[in-house]
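Hi,

Here is the structure I promised to pass on. Have a look at it first, and then read on for what turned up.

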Amino acid sequence: MFGDSADRGRWEAAVFEPERSAVQRAAATAGFDAMQFRAELRAFCRDQVPADIRQQIGKHQYFSREQRIRWQRLLQAQGWFVGHWPKAHGGQGWGQLQRFIFIEELERAGTPWLTHFGTSFLGPVLCAFGNDAQRARFLGPIRDSEEWWCQGFSEPGSGSDLASLKLRAERGESHYRVNGQKTWTTMAQWADWIFCLVRTQASGRPQAGISFLLIDLKSPGVTVRPIETFDGGQHVNEVFFDDVEVPLANLVGQEGEGWAIAKFIVSRERLLVTEIGKAFHLLGELHAIAATMKLGLGDTATFRRRAAELEVQYRSLRATAYAAVIEAEAGREHPIDASLLKIRGSELQQAIFDAITDLLARNGLAFQIEGIAADIVGYRHGDPRLPGLLHEHLHSRAASIYGGSNEIQRGIIAKTELRV
Ligand SMILES: Cc1cc2nc3c(=O)[nH]c(=O)nc-3n(C[C@H](O)[C@H](O)[C@H](O)COP(=O)(O)OP(=O)(O)OC[C@H]3O[C@@H](n4cnc5c(N)ncnc54)[C@H](O)[C@@H]3O)c2cc1C
């Protein structure tokens, strides 16, 4: 158990040791100093996180739209928010390794999840497939967090089997007429725009009839309806399109190129789904909670064994993830790496939450103490992180579903490696 900061420091040094060799060398080849970059990011996360956000990180509370935007703008003021965009479009031209380190450090500090839909998905798509007018219209507001995007891929019955999607876009003289539904759309309730895979052709190979369309959520005929998840939050939504008119100019790439664009999106961010920074942050929480609890001797031994197993899994995952990113940076990404990391990353996250929850359960159920005790001096408050952590624990069950379920990832591994 890592009860004091010296222990945590030694552990951290051991965890990050490999960086002095392989990562540092790969970064030097890519033209940056990994240790220095990481040190800058850590100093920034230590000194520049606004007080209200820092307080909510400590309690594992959900961040508001305004807080997320404020944080993104602080990152952009450093040139980091779109660091992975090409220099010609306002980015810094980071490769996969630098991007990976950036995200790892933010996760490690527990800062608000970046709304990737604009910056990670649509921005690079517009750089690669968009035209000049689309880049001039949309890139700036994404970079400056002035417009919020969401991702409209999944539909009822078309999640894993995405190519079967039905949202219909019929071409007219100046507009597409869009009818149908998307679902599981993360943060659509906060979004201004949605990028959608739509069906522009019903016959032939299903993939060949899919196009990529940008739709203003304020358009007449769009309805966003919340889906309440079992953690009690509103993360996801249904989005309905009823005779929605979308200008032809909002088609990205060619008609029928939507599937290639979807594959481009998936291939760019595949390795980030590992969320090793988040695993590190949560392991730290696990140890911090254990240090404040009075565990009996038997419980201590059981906890130590469980915590040690999680740490071994974390270290191997981190080493594997960096090996994969270094290969990807050199243009040698192995087809199963992302699937393997997605499975291990989501399972590890869930296992750490299970351990945290088992530990916290000793304090009883989560409840809002203010509701029954106001601030009566001496009333036992329990751990202030408890409600937030349990909420996150429930939400973490979705990690093995979104971004391609773990069963689908196992199928990819079997097909690629075992040829079954
Ligand atoms: C919290 C959350 C946020 C999301 N955010 C978004 C978003 O912003 N935008 C968006 O477009 N989508 C989003 N999704 C949707 C997500 O991508 C899909 O849920 C996912 O792809 C699974 O599709 P499905 O839900 O239709 O399940 P299905 O595809 O119906 O699968 C149901 C079950 O069957 C299994 N299964 C299906 N096919 C196979 C197979 N061939 N072999 C083995 N097992 C199989 C699956 O693993 C799963 O367990 C989100 C989902 C969640 C949970």
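Let me start with a single side chain: E347 is partly exposed, with a relative accessible area of 28%. Please keep in mind that this is a predicted model.

E347 has a partner, R344, and the two side chains meet in a salt bridge, 4.0 Å from N to O. Both sit in helix α12 (residues 337-360), three residues apart, which means about one helical turn separates them. R344 is the exposed member of the pair, at 52% relative accessible area, just over the 50% cut-off for that label.

Elsewhere, salt bridges that share partners link up into one network made of R38, R42, E104, E105, R108 and R318.

Two more of them are worth a look. K218 pairs with D216, and their closest N and O atoms are 3.4 Å apart. K218 is exposed, with 63% relative accessible area, whereas D216 is partly exposed at 22%.

The other joins E392 to K278, with 4.0 Å between the closest N and O atoms. E392 belongs to helix α14 (residues 386-395) and K278 to helix α10 (residues 276-292), so this pair ties together parts that lie 114 residues apart in sequence. K278 has a relative accessibility of 22% and therefore counts as partly exposed.

Now for the ligand. Where does it lie relative to domain 2 and domain 3? It lies between them, because domain 2 (149-258) and domain 3 (276-418) both give residues to the shell around it. There are 17 residues around the ligand, and the ones that come nearest are S160, W184, T186, S405 and E407. By type, the shell splits into eight nonpolar residues, eight polar ones and one charged.

- Q151 has a backbone N or O atom 2.8 Å from a nitrogen atom of the ligand.
- F153 places a backbone N or O atom 2.9 Å from a ligand oxygen atom.
- W184, one of the residues that come nearest, has a backbone N or O atom 2.8 Å from a nitrogen atom of the ligand.

As for how much of the ligand is covered, it exposes 960 Å² when taken alone, and the protein buries 64% of that.

Enjoy exploring it!

Definitions and conventions:
Residues are numbered from 1 along each chain as its sequence is written. This is a predicted model: local features need pLDDT of at least 70, side-chain atom pairs count only at pLDDT 80 or more; totals for chains, interfaces and linings use all residues. Side-chain values use heavy atoms; hydrogens and water are left out. Buried means under 20% relative accessible area, exposed over 50%, partly exposed in between (1.4 Å probe, protein chains only). Helices (H or I, at least four residues) and strands (E, at least two) are DSSP runs, numbered from the N terminus. A residue is near a molecule or strand if one of its heavy atoms lies within 4 Å of it. A polar contact is a pair of N or O atoms within 3.5 Å; within protein, one must be able to donate a hydrogen and the other to accept it, and residues adjacent in sequence count only if both atoms are side-chain atoms. Accessible areas come from the Shrake-Rupley method with a 1.4 Å probe; for residues, only the protein chains shown count as cover. Ala, Val, Leu, Ile, Met, Phe, Trp, Tyr, Cys and Pro count as nonpolar, Asp, Glu, Lys and Arg as charged, and the others, Gly among them, as polar. Domain bounds come from an automatic or database domain assignment.
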